[in-house]
Amino acid sequence: MKTETFTVNNMSCANCERRVQKALALTDGVTEASVSLKDKSATVTYDETVTGREELKETVDDLGYELLLPQN
């Protein structure tokens, strides 16, 4: 399992926060997702053998938000 925190842009309300959190939590391989509107972030614990950063980004981006991937 890997836990990472990502910046999420374009969230403007509590409903946005809930929507992103639900979508991430329902992603195959994700065991925990916590999203903060205040911090503009998402902390996700996931199984790297099932999903990865690109899939998490696609999940959030498809909702109309933007998940930023770390440069490392």
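Colleague: Before we start, what should I know about the numbering and the atoms used?
Modeller: Residues are numbered from 1 along each chain as its sequence is written, and side-chain values use heavy atoms, with hydrogens and water left out. This is a predicted model, where local features need pLDDT of at least 70 and side-chain atom pairs count only at pLDDT 80 or more, while totals for chains, interfaces and linings use all residues.

Colleague: Which pattern does the chain follow along the sequence?
Modeller: Helices (H or I, at least four residues) and strands (E, at least two) are DSSP runs, numbered from the N terminus. The chain has two helices and four strands. Read in sequence order, they give β-α-β-β-α-β.

Colleague: What is the radius of gyration of the chain?
Modeller: The radius is taken over C-alpha atoms, and the globule rule is 2.2 Å times the number of residues to the power 0.38. For 72 residues that rule gives 11 Å, and the chain is close to it, so it is as compact as a globular protein of that length. The radius of gyration of the chain is 11 Å.

Colleague: How many residues of strand 3 are buried?
Modeller: Buried means under 20% relative accessible area, exposed means over 50%, and partly exposed is in between (1.4 Å probe, protein chains only). Across the chain, 33% of the 72 residues count as buried. Strand 3 covers residues 41-46 and is largely enclosed by the rest of the structure, because the number of its six residues that are buried is five.

Colleague: Which residue in strand 3 is the bridge partner of Glu 4?
Modeller: Two strands pair if DSSP finds at least two bridges between them. Strand 1 (residues 2-9) pairs with strand 3 in the antiparallel sense over six bridges. In strand 3, the partner of Glu 4 is Val 44.

Colleague: And which residue in strand 3 stands opposite Val 30?
Modeller: Strand 2 (residues 30-36) also pairs with strand 3 in the antiparallel sense, over six bridges. Opposite Val 30 stands Tyr 46.

Colleague: What is the phi of Lys 40?
Modeller: Lys 40 is found in the loop between strand 2 and strand 3, a hairpin with four residues between the strands. At 45% relative accessibility, Lys 40 counts as partly exposed. Although Lys 40 is not a glycine, its phi is positive, at about 55°.

Colleague: Is Asn 10 buried or exposed?
Modeller: Asn 10 lies in the loop between strand 1 and helix 1 (14-25). Asn 10 has a positive phi of about 80° although it is not a glycine. Its relative accessibility is 51%, so Asn 10 counts as exposed.

Colleague: Which residues is Pro 70 in contact with, leaving aside its neighbours within four places in sequence?
Modeller: Pro 70 lies in the segment after strand 4 (66-68), and is partly exposed with a relative accessible area of 30%. Contact means heavy atoms within 4.5 Å. With those neighbours left aside, the contacts of Pro 70 are Glu 4, Phe 6 and Arg 53.

Colleague: How far apart are the mean positions of the positive and negative charges of the chain?
Modeller: Lys and Arg count as positive and Asp and Glu as negative, while His and the chain ends are not counted. Each charge is placed at NZ of Lys, CZ of Arg, CG of Asp or CD of Glu. For the 8 positive and 13 negative charges, the mean positions are apart by 8 Å.
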